[in-house]
Amino acid sequence: MSTVGTRADEQSLPPLQPPGDSTGLFGVFRRRYLLKLLVQKELRVRYQASFLGLLWSYIKPLIRFLTYLIVIGYVIGLKDLEGYPYHIFSGMIIVTAFSETLRAGTRSVTKNKSLVRKMNVPREMFPMASVLVTAYHVVPQFVVLLIAVWLAGWHPDGPALVAGVLSVAILVTFSLAVALAFSAFNVYYRDSENFTETIAHLVTWSTPMIYTFEMIADRTNGNWIEQVYLLNPVAIAVMLSQRCFWVPTLEDPATGVQPDNLQLRGVLMLVACLAFVWLAQRIFSRLESGFAEHL
Amino acid sequence: MADAIVCESVSKRFTLRESRTLKRRLVARAHGREANRSFLALDTVTFTVEQGESIGLMGLNGSGKSTLLKLISGVMRPDSGDVLTRGAIAGLIEVTAGFHPQLSGRENIYLNAAILGMSETEINRKFDEIVDFSGIEKFLDAPVGNYSSGMYARLGFSVAVSAESDIFIIDEVLAVGDPPFKKKCIRRIKEIRDQGRTIVFVSHNTTQVQRICNRALVLEQGVLTFDGTVKDAIHKLRYDDEDDVDAEGGEL
Ligand SMILES: Nc1ncnc2c1ncn2[C@@H]1O[C@H](COP(=O)(O)OP(=O)(O)OP(=O)(O)O)[C@@H](O)[C@H]1O
Ligand SMILES: [Mg+2]
């Protein structure tokens, strides 16, 4: 074959490059159809031999909500707080969504062993799919919450809507970052599952869901403990969600105690969470090269 | 012709037994031992495959064939050296890879085809053809976990051959198929070869390699020791030596 021929041949051909798909999160968005199938698969497998099926995603939060409502409201006595069911519910949605993504996301790569060993999948698919599965469960809960606050005379102002959007954005980005990083760690060290339980527990108690931010503020007077408390992205997302759903149900919205400049904190937190996603993606793609041999 | 696969002093090292726990690591350190022992599964392997060639990859169990295929398909990365490929890769590296036991055969076909990069319309178009080739229509809606290993192989192979790839790799999946299906597969692989696509075929079955491949590579304990005609490769491996089936002790 002549040199000219070879050159002409090579030009019409795809380039010679390292095999495998290392396009990361962007690759995931380019392969939406596969992502959709993975999410469907996940939902299918989770509820396959289950009698109540998807109803569980309503039953579990409902039971949890009622427990909080009764124990926190009547036993501990938070019921004097105006609109306290909305205070609990709007926080609980965020915390549950985060914990669920954390648990499912951490296992997402190890559980899909046989798919991970197959070629040409950007492996970010798997943690991404767990974020979407959570969304599938959480969106109906938001609908329920919306109906509830509507009945309670919810009149959101502009800042409330901004807070709502920020809350969801922080929740999604932070969950994604955590799912990415932990799913990769979990391939190497199966401790991650114990770790996630611990974090889920900590998050439940370090966000103003079953108590109020007012109680924190009263006891800390803005000292460093409060500042640390406010560094928790889930806590910020919870308070933004409460700003959106709980505060507008109050007779006098000014009585709902929240941190100063909550929306500004939200914006900064969102920027930080985007940086976390970037960092988590870096960690993931670094660790990813060893997935096939460690699974 | 253009290169389809280029391997340039490719090495892959595996840890034999990993001591990942804190306790074991501390104990190992206290005894002055290294915590993780490792060995070279592939040792500076260098070769080039031209487009349209069909390569037989041969060697005894544990010689590194599957590892090399995993590097070529991009599932694993080499520790040192470069693996370069041109165009899309499809095929089967493990019989059960890509299947989800709790999903039905139908769902698994969609999932696997999507993993191989097919779009929804493409899969819909090829679905009947895939099912037809696999010959498992009756069990299409049963969970794949209940399939026999031959049925796994049938399903996997049928999906893999339906993808339009430039490089096609097969790792011993034909071993579990029954003779009629094997025959069908060989015919299909030959078609793929005749379309000018590149094939890397791993098999211990010398007849199959002879019928499909025009060149053979032999791996011995991770080292590429032979690159030439299939006939000479078989001779080198002594696979043609009937009395000496137990040839491991020999020159190998
Ligand atoms: N993930 C892994 N971790 C540790 N060692 C591994 C791993 N994968 C393969 N090995 C080792 O690498 C060596 C080569 O394995 P490989 O699967 O490539 O052999 P093979 O040539 O395909 O053998 P066979 O003919 O049995 O299929 C073996 O000793 C195997 O134990
Ligand atoms: Mg093998």
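Modeller: A residue is called buried under 20% relative accessible area and exposed over 50%, with partly exposed in between. The model is a predicted one. With those cut-offs, take helix H8 of chain B, which runs over residues 230-237. Its buried residues are Val230(B), Ala233(B), Ile234(B) and Leu237(B). These four lie on the same side of H8(B), because the arc they cover around the axis is only 100°. On the face turned away from that buried side sit Lys231(B) and His235(B), which are exposed. Just after the helix comes Arg238(B), with a positive phi of about 60°.

Chain B also has a buried residue in a loop. Met76(B) is placed between helix H2 (65-73) and strand E4 (80-86). Its relative accessibility is 5%, so Met76(B) counts as buried. Leaving aside residues up to four places away in sequence, Met76(B) touches Lys12(B), Phe14(B), Lys70(B) and Leu71(B), and also Ala292(A) and Glu293(A). Lys12(B) is 64 residues from Met76(B) in sequence, yet their C-alpha atoms are 9.3 Å apart.

For a contrast, turn to chain A. Leu55(A) lies in the loop between helix H3 (32-46) and helix H4 (56-76). Leu55(A) counts as partly exposed because its relative accessibility is 45%. Together with Phe51(A), Leu52(A), Trp56(A), Tyr58(A) and Val144(A), Leu55(A) makes a nonpolar surface patch of about 610 Å².

Conventions:
Residues numbered from 1 in each chain as written. Chains lettered and ligands numbered in written order. Predicted model: local features only at pLDDT ≥ 70, side-chain atom pairs only at ≥ 80, totals over all residues. Heavy atoms only, no water. Patch = residues over 30% accessible without salt bridge, like charges linked within 9 Å, V, L, I, M, F, W, Y side chains within 5 Å. Areas by Shrake-Rupley, 256 points an atom, 1.4 Å probe, with all protein chains shown as cover. Salt bridge = Lys/Arg side-chain N within 4 Å of Asp/Glu carboxyl O. Helix = DSSP H or I, 4+ residues; strand = E, 2+ residues; numbered from the N terminus. Buried < 20%, exposed > 50% of the residue type's maximum accessible area, 1.4 Å probe, protein only. Arc of directions from axis to C-beta. Contact = heavy atoms within 4.5 Å.
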